[in-house]
Amino acid sequence: MTDSRDPLDSAPDTVLADPVMAGGAVPDADARYAVKGAQTLMRALDILDEVIAGPIKAVDIARKLGMSKTTAHRLAHALKSRDYLSITPDGFALGPKLLQLGALAESQTDLVRLARPILEALSAETGFCSFAGQREGDWSRHLDRVNGRQRLRVATIPGDVRPIAETGLGKALLLDEGEESWRRLYVAARAGHVTEAEIQRWIDRMRDSRRRQIVDHDSELGDGVHSIAAPVRNAKGRIVMAISIAGAAQYYAETDTTRLIAAVARSAADISALAGYAS
C-alpha cells in the first residue's frame, strides 16, 4: 500500500536549516537527515514566496505548493515563531522580521547606489580597486566593488563576508567601538591565536585610526594586500558604511600614500554628505 503522507511530515519540528549550510560536518549516517533538512528549508522559503503576494491560509499554502496541510501548518508556525510570518484574520502574512530586513536592504541598496559614482571616481583617481561595505554583527560584508587599473587585483567581490577586525574596511566600521570590543573582535578574527603584545599593538593602531578617522591597513593574512579605509556616517553621525581602496602592497610603495589617504577621506566625506551627515 502506498503511503500518501508528505515525506516531510515526519521530519523533526525544529529542523529549519541544512546542517551543511550551517557549517557543520554531516556524517554519512546523517546524510538522509541533511537532505531532508535542505528540503524543509526550501519549502519554508516557498511559503515566504507565497506570502509576499498577501495573506494566505495554511490550507491554500498546502494546495499551491503540493504539500500536506500538516506540513504547511507546521512550517508556517515555525516561521511565525521566528517573526518571519504573522497571523492575521486573512491568514499568514509577512512578519516583523521580514519587514525589518526589507527596510534594511532598501537602505543599504540606496546608500550603495548613491556611493557608486564616488567609488568609480575614487578608483579612476587612485588606480586601485575601491570597495563599499557594511557591518553585520561581528562581520563585515562587501556590498560593491569598482575595479582599478592594477594588473594584480584583490579577489574580494560583493557579497563576501569577513571577520570585521580582519580588513581595513572592517576596522573603519569599528572606529566608534570601545576598546574592549576591539579586543574581543581582534581575538576572534585571529581565532584566539594572538599574544597580548599583538593585541596591544593592534589597539594602539586602532586608536590612531580613530584619531585620524582613516585606516591604513596591512593585511595580517600573508596575502600582501594593503588597504586604506574610512567610515561613512549618516545624519545622526553613526557609522553606517565604510569605503576602502585595496591592492597589492607593492603598488602602494610606488604611490604617494598621503594623496591616497586624502582621496579616500574626501570620498567618504562626500558619501556621508549624501547620507545626511554634516561634519
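**Note on the sheet and its helices**

1. Ala 191 follows α6 and has a positive phi, near 55 degrees. Helices (H or I, at least four residues) and strands (E, at least two) are DSSP runs, numbered from the N terminus.

2. On provenance: the model is predicted, local features need pLDDT of at least 70, side-chain atom pairs count only at pLDDT 80 or more, and totals for chains, interfaces and linings use all residues. Residues are numbered from 1 along each chain as its sequence is written, and side-chain values use heavy atoms, without hydrogens or water.

3. The buried residues of α6 (residues 179-189) are Ser 181, Trp 182, Leu 185, Tyr 186 and Ala 189. Buried means under 20% relative accessible area, exposed over 50%, partly exposed in between (1.4 Å probe, protein chains only). Viewed down the axis of α6, these buried residues fall within an arc of 125 degrees, so they line one face of the helix. The arc is that of the directions from the helix axis to the C-beta atoms. Glu 180 and Ala 188, on the other side of α6, are exposed.

4. What does the buried side of α6 pack against? Its buried residues meet β3 (129-136), β5 and α7 (196-212). Contact means heavy atoms within 4.5 Å.

5. Now the sheet. It is open and has six strands, in the order β5-β4-β3-β8-β7-β6. The pairing is antiparallel. Two strands pair if DSSP finds at least two bridges between them. The edges are β5 (161-163) and β6 (215-218), and each of these pairs on one side only. From one strand to the next, the twist averages 30 degrees.

6. β3 and β4 run antiparallel and are joined by seven bridges. Within this pair, Gly 133 stands opposite His 142 of β4. The two strands form a hairpin, with two residues between them. Gly 137 lies in that turn and has a positive phi of about 65 degrees.

7. How many bridges pair β4 with β5? There are three, and β4 (residues 139-146) pairs with β5 in the antiparallel sense. Ser 140 has Arg 162 of β5 as its bridge partner. Arg 141 stands opposite Val 161, also in β5.

8. Helix α9 (residues 257-274) packs on the sheet. It touches β6, β7 (225-233) and β8 (239-248). The directions of α9 and β7 make an angle of about 30 degrees. Axes are lines fitted to C-alpha atoms, for helices over the stretch in contact, and angles run from 0 to 180 degrees between N-to-C directions.

9. Leu 111 deserves a look. It sits in helix α4 (residues 96-126). Is Leu 111 buried or exposed? Leu 111 is buried, at a relative accessible area of 9%. Leaving aside neighbours within four places in sequence, Leu 111 is in contact with Gln 134, Val 240, Met 241, Ile 271 and Ala 275. Leu 111 and Val 240 are 129 residues apart along the chain, yet their C-alpha atoms are separated by 9.2 Å.

10. Last, a helix pair. The axes of α2 (residues 58-65) and α3 (residues 69-81) come within 8 Å and cross at roughly 120 degrees. On the α2 side, Ala 58, Val 59, Ile 61 and Ala 62 make the contact.
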